[in-house]
Every structure is written in C-alpha cells, then in structure tokens.
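Here are two exercises to work through with the model open beside you. Try each task before reading its solution.

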Amino acid sequence: MNTKEINVLNEIAKEIETLPGHLGFYYKNLVTGVEYGIREEEIYGAASVIKFPLFLHILAQCHRGNLSLDDRIVTTDEDKVPSCGALNMFTGSVETDIRTLCRLMICLSDNTATNRLIKHCGIPEIEKGFIEMGLEKTRIRRLLFDSEATAKGIFNAISNKELGLLFEKLYRGEFINEEVSDYALEVLCEQQIGHKLGGKLGEDVAIAHKTGEDSNLSNDLGIVYAKNPFVICFTGHRTDVYRWEDLMRRAAYDLYMAQE
C-alpha cells in the first residue's frame, strides 16, 4: 500500500469536513485497486456532468445501429441556449453531424449541442440507456436551461461512484469494446475546461474528464493519467466554490505526485 497516497486521501477528507455544503468525493487507483470515498454514493446535482453519460449513451446507440455519428442534424435559432459552447455564436441555422455535436458537448461543454442531442435521442430512451449502463442514481430528467423545469424543482442527477465506475470501464476497454472506450476517452481528454482537476497539474498531464458548474455548485469527474492512473470525482453543492475548486486542484496534483 502506498503510504503517500493514503496520507493524501486522509488530508483530503479532513479538508472536505471543513468546507460548507453537500460535498462528495470518490477515488480509485486503477492499478493497485485502492479505493476511497466520502458520501460517494449520494445523489448530487449534475450540471454539465450529465453530458458524460449522455455521450456514452449516444456511442452505445451508434454501436447498435440506431444512430450514426455521421447523421446530420440542423440546429435552429430556437434551439440555442446561453453560456458555454460555440453553436449559439453562429448566425442562423447550423447543420452538423452527431460526431461534431458530441465533441462540442464534451470538449466545449456546449449547452446548445447538448439540448439538440437530448431532443434527438429523447429523454425516455436516454433514461433506458442509462439503466442499461448500470446507472441507477444518475438520471436525466430535463433539458439544460429549462426554466419551467427549474421552477418545478426538476434537475438532472449524478452519483460519484456510479460515474467513477463508468470511467473505470472506459479505462479497461469494457464499455462496449476497446475501440469505443478508446474513442470516448480520446474525446474526454480534449475537454477545454481544465482549471479544476488540471489547474495545478498543467497541460502536460492527460485527464479524461467532464466538469459541471452552476450557482454555488462545482463538479469535476474523470481519470488522471499518472504513473498509476486513477479515477477522481468531486461533486459539490451549496458550497464555497473558490475553496472547493482549490481543493480539487491540489488533490489531483498531490495524488498524481504520490504515484511517482
């Protein structure tokens, strides 16, 4: 057992207990099997992390022949929603293939691309797909920026450990097959929002991950490719986002260094 690794995990746990809010943490060393969690099986607001299992659902549907990454979809002005992404910067309607929409959704966290994919797939079918992936607590119930759903208290939900185990499947080439798993990880490694898990590690360290942000909420879940790669998942709501994200940066760095 790596003493440095265990010491870092214990320090993370101590710091989490000093922070306000509903906070969760999950860690698994993908080589040694060391596993550690803090409220890792509880349910948290997803924000943009819901885009990760949605991406995998689409890849599964493509593998089955129900969709193709080459299928073309038109995004209209009525589809466009605010915040992250590129599609809402275009004038008028935009035609793209599903592959491009997926890459925009993951790499730029494009909310318009995400909503267009949700509409194309249908929430009931996505929910069925989540269950087939082994996700019981991770749920998609609404589009992004759906003010009516927000007013009714309807939110998408995630579980740290569920998604952590899904990342592990990708790493081991066990999500559908090795080719699909590798493609998913390739896209996840290209995410452009890197100030949390990658904020102290820098761009030279590969991280396959997906972030999520909202008011007083910050999540980041993925794989850090250390000497011994590890899954690391942070979910935090009603918290001090600055301090919480600072912990993410230092924790990912310290755990990476503990593998050296």
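**Exercise 1.** Find the largest nonpolar core and say which element gives the most to this core.

Step 1. Apply the definition: a nonpolar core is a set of buried Ala, Val, Leu, Ile, Met, Phe, Trp, Tyr and Cys residues joined through side-chain atoms within 4.5 Å, where buried means under 20% relative accessible area with a 1.4 Å probe, protein chains only. In this predicted model, local features need pLDDT of at least 70 and side-chain atom pairs count only at pLDDT 80 or more, while totals for chains, interfaces and linings use all residues. Residues are numbered from 1 along each chain as its sequence is written, and side-chain values use heavy atoms, with hydrogens and water left out.

Step 2. The largest such core has 53 residues, and Phe55, Leu56, Ile58 and Leu170 have the most contacts inside it (contact: heavy atoms within 4.5 Å).

Step 3. Elements giving two or more residues to this core include helix H2 (51-64), helix H7 (160-171) and strand E8 (217-224); helices (H or I, at least four residues) and strands (E, at least two) are DSSP runs numbered from the N terminus. H2 gives the most, eight residues.

**Exercise 2.** Which residues does phenylalanine 55 touch, not counting residues up to four places away in sequence? Then look for a second, separate core.

Step 1. Phe55 touches Cys102, Met105, Ile106, Tyr183, Ala184 and Val187.

Step 2. The second core is separate and has 28 residues, among them Ala13, Ile16, Leu247 and Ala252.

Step 3. For background, nonpolar side chains tend to be buried together in soluble globular proteins.

Conventions: Buried < 20%, exposed > 50% of the residue type's maximum accessible area, 1.4 Å probe, protein only.
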